[in-house]
Amino acid sequence: MTTFKVNGAARSFDGDPDTPLLWYLRDEAGLTGTKFGCGAGLCGACTVHVNGEAVRSCQTLVADIAGAEVLTIEGLSAKADHPLQKAWTDLNVPQCGYCQAGQIMQAAALLQSNPEISDAAIEEGMYGNICRCGTYQRITKAIRQAREMMK
């Protein structure tokens, strides 16, 4: 049995420890905000935090998170009022919206690790989170706005 926390709540899983975290979150925990994209860790749609670091949940096994704290888009803010979520709304960032939870979780990890992050570091840090609608300019603008809101 593997024990860990998801969004602050203690959880355990007695299934196959090689189960990808993404499938645990969606199928066992019912947290469907985290999306399946490529299944190879290349697109970022499945990004969540494990102990504060952004990880691709499709490539992270449940066995790898024993004792860890997992944060999903549902746990980022109880009222969906995290500065990133507010900026996303203010700037109408999403188009189809499929990748946006992963984008926000990647951005949240960046801002948490470096609240004064430069514009160049934002672009570098978001590299690998793919938006098939091409909303990259709005995503970057929203991260900049959230960075200012968090000061």
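**Salt bridges and the domain interface**

Author: In this predicted model, a salt bridge joins the side chains of Asp-119 and Arg-144, with N and O 3.3 Å apart.

Reader: How many residues apart in sequence are the parts that this pair ties together?

Author: Asp-119 belongs to helix H5 (residues 119-126), whereas Arg-144 belongs to helix H6 (residues 136-149). The pair therefore ties together parts whose separation in sequence is 25 residues.

Reader: Is Arg-147 buried or exposed?

Author: Arg-147 forms a salt bridge with Glu-148, the closest N and O atoms being 3.4 Å apart. Glu-148 has a relative accessible area of 42% and is partly exposed. The cut-off for buried is under 20%. Arg-147 has a relative accessible area of 12%, so this residue is buried.

Reader: Which residues do salt bridges that share partners join into one network?

Author: Glu-148 also meets Lys-151 in a salt bridge, at 3.4 Å from N to O. Lys-151 is exposed, with a relative accessible area of 58%. Through shared partners, salt bridges join these residues into one network: Glu-116, Asp-119, Arg-144, Arg-147, Glu-148 and Lys-151.

Reader: What distance separates the centres of domain 1 and domain 2?

Author: The domain assignment of the protein chain places domain 1 at 2-75 and domain 2 at 83-150. Taken over C-alpha atoms, the centres of domain 1 and domain 2 are separated by 21 Å.

Reader: Which three residues supply 38% of the area that domain 1 buries against domain 2?

Author: Between them, domain 1 and domain 2 bury about 1,200 Å², with 57% of this area on carbon and sulfur atoms. Of the area that domain 1 buries against domain 2, 38% is supplied by three residues, more than by any other three: Cys-43, His-49 and Ile-73.

Reader: Which elements give two or more residues to the side of domain 1 that touches domain 2?

Author: In domain 1, 15 residues are in contact with 13 residues of domain 2. By class, the side of domain 1 that touches domain 2 has seven nonpolar, six polar and two charged residues. The elements that give two or more residues to this side are strand S3 (47-50) and strand S4 (53-56).

Conventions. Residues numbered from 1 in each chain as written. Predicted model: local features only at pLDDT ≥ 70, side-chain atom pairs only at ≥ 80, totals over all residues. Heavy atoms only, no water. Domains from an automatic or database assignment. Contact = heavy atoms within 4.5 Å. Buried area = accessible area lost by both parts, 1.4 Å probe. Helix = DSSP H or I, 4+ residues; strand = E, 2+ residues; numbered from the N terminus. Nonpolar A, V, L, I, M, F, W, Y, C, P; charged D, E, K, R; others polar. Salt bridge = Lys/Arg side-chain N within 4 Å of Asp/Glu carboxyl O. Buried < 20%, exposed > 50% of the residue type's maximum accessible area, 1.4 Å probe, protein only.
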